Amino acid sequence: MQIRYYMICSRFEALVASHLEPEAFGLYMAVGTKKLASGQVLFYEIDPSFATKTDHFRVGDIEARCVPHADGSPKRSKYLSVYRVMEHLPLSVFGALYLTTSDGRVMRLDEAPYTEPDEGVRASLYQELCPLIPLVVSGLPPSRFAKALTDPERLVSVPRQFFADLRLDRDAQGRLASWLPYTDLAHIEDCVKEVEHGGAGEKPTKTVSRTPRSTGFFRTIRRGFFLGDQCGLKYYPFPSRDHLEIHHAKWWHSASAQ
């Protein structure tokens, strides 16, 4: 059986070897194990070439450790690491991103080119996912946001960051739309105002919440997902609602109900 490699990058990070195809792996992680409470799972498929580009992970004997069960059924998961995984995988080996709903529906997102529009100082709402997890409002576009978080010259930084760009829809009165499933719309609005209208001495990023949330998460995705560091940025665009309803109806129905 072919051994595949996945990196789980939501709620915890782990590098996992598995005989399962991505859709089966997502279903297993969401509903087929007692090790993870029911919930959404995000994971990357990792190019097996990573083993030739880093010696951080023990994979030389993986053929002996990741073997089918005695009855011939596939090995669903063999954990290779559960700590500081993302920083030790070269950016080039991150493949497709898979989004799994809490009932095991899986949708694949592929990388696409990204050109940042010239928006001036316009606030974005970012849900950091791995390794940092705060929800923040920032006046920085995705590439600059990633570079700022991963700048080794800063007092506090990380080697690489994975994050989602979230919706900031407005109603007819210009307030944040009430359908948005955020816990404190007024606080988010205050952060947006501070970022967009603050003085030169203001910080470009404001923390909304230091703890992650999952309710309604997939319904709030705007542009998509970003994975970046000092060397580059990978962009995974999120489909439009029309595309979701036509081509991923079961996934979208499940995601919309959560």
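This is a predicted model: local features need pLDDT of at least 70, side-chain atom pairs count only at pLDDT 80 or more; totals for chains, interfaces and linings use all residues.
Strands of a sheet pair through backbone hydrogen bonds, in either the parallel or the antiparallel sense. Here, six strands form an open sheet in the order S4-S2-S1-S3-S5-S6, and the pairing is antiparallel. Strand S4 (78-81) and strand S6 (106-109) each have a single partner strand and stand at the edges, so one side of each has no neighbour in the sheet. On average, and with direction ignored, neighbouring strands of this sheet are turned by 30° against each other.

Within the sheet, strand S3 (residues 41-46) is joined to strand S5 (residues 94-100) by antiparallel pairing over five bridges. Leu97 in S5 has Tyr44 standing opposite. Helix H1 (residues 22-31) lies across strand S1 (4-10), strand S2 (12-18), S3, S4, S5 and S6. The helix runs at about 145° to S3.

The largest pocket has a volume of about 500 Å³. Its lining is made up of 18 residues, and those closest to the pocket centre are Glu128, Leu149, Arg154, Thr205 and Thr207. Two or more residues of the lining are given by each of helix H3 (142-149) and strand S10 (205-209). H3 provides the largest share, three residues. By residue class, the lining of the largest pocket divides into 11 nonpolar, three polar and four charged residues.

Methods
Residues are numbered from 1 along each chain as its sequence is written. Side-chain values use heavy atoms; hydrogens and water are left out. On a 1 Å grid over the protein atoms alone, a cavity is a set of points where a 1.4 Å probe fits but cannot get out, and a pocket is an open set with protein on both sides within 12 Å along at least five of seven lines; lining residues have an atom within 4 Å of a point. Grid points are joined across faces, edges and corners, and a volume is the space filled by probe spheres set on the points. Helices (H or I, at least four residues) and strands (E, at least two) are DSSP runs, numbered from the N terminus. Ala, Val, Leu, Ile, Met, Phe, Trp, Tyr, Cys and Pro count as nonpolar, Asp, Glu, Lys and Arg as charged, and the others, Gly among them, as polar. Two strands pair if DSSP finds at least two bridges between them. Axes are lines fitted to C-alpha atoms, for helices over the stretch in contact, and angles run from 0 to 180 degrees between N-to-C directions. Contact means heavy atoms within 4.5 Å.
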